[in-house]
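Subject: Structure handover and notes

Dear colleague,

Here is the structure I promised to pass on to you. Please have it open while you read the notes that follow.

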Amino acid sequence: MNLDVSGMRQTVLKLAWPIIVQQLLVNGMLLVDTLMLGFYSTTSLAASGVADPLLFSARMVLMAIPIATTAMVARAIGENNLAKARHNAAVSLSAGLLIGIIVSLIGYQLAGPIIKLYLKTPEIIYEATLYFKLVISVFVFNYLYLIATSICRGAGDTRTPMLISIGANILNVIGDYLLIYGKFGCPELGIKGAAISTMVSSVIECTALIIFIFTRHSKVPMNLTSFVTIKIEQFKTLLRVSIPAAIEPFIIQMGMLLFLKMVTQLGEASIAAHRILLRIEGISFMPGIALSIACAAIVGQSLGAQKIDSAKAGCRESNKLALFIMCTCGIIFVAIPSFLLGLFTPDKAVIAIGTGCLMIAALEQPFIGYTMVHRGALQGAGDTRSPIWVAIIGVWLVRLPLIYWLTMVKGYGLFSIWATTPIDWAVRALVFRILYRRGRWKEIKI
């Protein structure tokens, strides 16, 4: 990876554009499900609108190991120590396999009780539970894929995961069309068909990337010896970096689940609108996530090579690009909100509810980009503790109290829920900026 300050923008773009494409594709699986279910049944759309955030929360809470993996592999690559990078990767994959199996088993067993915490309508409960059970059953493959992707990214390879995601998403689109609507002799399965298509695509996606990292074409070529020679100290290092990284998404996602609980009390149309809004907003998140990951890899490798100026330049250029791209997304949200919502459903009530919410979401875009890049910089340096405090401040001290007051006390509906998001992101952006300027991240040892 080119870490020269003068060519940093090109380095950031080289790393980020495949991640943007891949993130769009990862989000694309859920997006296609939303799009096709929206034209199949409002009940099915509402059911997936509850199940998907729960599945997303599980993934985000367990993103700690992928985040730690990127930092550890990047630091080892920066030190020009391939053996260390390979062993760090082996430790992460081993831990991921165990955690993934446990989550798949527990999630499948508890699917019904979890869904009933959020819903009361029997039809929606049935479909949401079915969808959740099927998708969570292959969580272990999702998780191993995330870790394998982090290994590639930490070593500077963002292109291979992107190419594999393209293939998986093509399969998912075909599977959704055939199984939701029952085309070309396939059974019409509705939401069950969407879940089966997502399952098959996820398994194939994971298998392909795992095979790749065991080949000589991988920048961190794995072998069985790397797993046999794992030492307890390496697990301790992984836990030391990942446990704080797990607390931050846990805090955020617990807040988001309370947020979801309030949404489910607003009726089927609001649940469906919220589901669509999350998918549209999710697309706008992709550049911020990509540039955050690129920034984390650059900072990790720069610090491993003891090049502080390169780390700072990587953050600066990532931030400029994030602000430009995400402000553009905000302009689109304001310009054509009804058109974007109409792509997912013909239901005029759902579109009417979501239009104002999407225009409000435009205001949060620059703050999201700024927050994500600075969080990536700190995590790439190995600082996984500071984001915990930022999450507590933004989600629990700002967003949730405002949501409760506006929705439960004042009764303003879904619009009031979305109106709190720009305030939350603005506060988080400010706190991350303060933490970054203090510069403690430059001195962290892994």
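Asn80 sits in the loop that runs between helix H3 (64–78) and helix H4 (82–116), where helices (H or I, at least four residues) and strands (E, at least two) are DSSP runs numbered from the N terminus. Although Asn80 is not a glycine, it has a positive phi of about 60°, and with a relative accessibility of 73% it counts as exposed; here buried means under 20% relative accessible area, exposed means over 50%, and partly exposed lies in between (1.4 Å probe, protein chains only). Phe184 likewise is not a glycine and has a positive phi, of about 55°; its place is the loop between helix H7 (159–181) and helix H8 (191–213), and it counts as exposed at 74% relative accessibility.

Before going further, please keep in mind that this is a predicted model, in which local features need pLDDT of at least 70 and side-chain atom pairs count only at pLDDT 80 or more, while totals for chains, interfaces and linings use all residues. Residues are numbered from 1 along each chain as its sequence is written, and side-chain values use heavy atoms, with hydrogens and water left out.

Turning to charged side chains, the count comes to four salt bridges, a salt bridge being a side-chain nitrogen of Lys or Arg within 4 Å of a carboxyl oxygen of Asp or Glu. One of them joins the side chains of Lys84 and Glu79, with 3.2 Å from N to O; Lys84 is partly exposed at 30% relative accessible area, and Glu79 is partly exposed at 37%.

Arg399 forms another salt bridge, with Asp424, and the closest N and O atoms are 2.8 Å apart. This pair links distant parts of the chain, since Arg399 belongs to helix H15 (residues 386–409) and Asp424 to helix H17 (residues 421–438), 25 residues apart. Both Arg399 and Asp424 are buried. Asp424 also meets the side chain of Arg428 in a salt bridge, again given as 2.8 Å from N to O, and because Arg428 and Asp424 are four residues apart in helix H17, about one helical turn separates them. Arg428 is buried, as is Asp424, and salt bridges that share partners join Arg399, Asp424 and Arg428 into one network.

What, then, of Arg153, which is buried yet has no salt bridge? This residue lies in helix H6 (residues 139–154), and the nearest side chain of opposite charge, that of Asp157, is 8.9 Å away; for charge, Lys and Arg count as positive and Asp and Glu as negative, whereas His and the chain ends are not counted. Leaving aside residues up to four places away in sequence, Arg153 touches Ile19, Gln22, Gln23, Thr158, Ile293 and Ala297, contact meaning heavy atoms within 4.5 Å.

Finally, the cysteines: how many disulfides does the structure hold? There are zero, a disulfide being taken as a pair of cysteine sulfur atoms within 2.5 Å. The sulfur of Cys315 is 4.3 Å from the closest cysteine sulfur, which belongs to Cys295, and that is too far for a bond; Cys315 is buried, with a relative accessible area of 2%. For Cys206 the closest cysteine sulfur is in Cys152, 12 Å away and too far for a bond, and Cys206 counts as buried at 4% relative accessibility.
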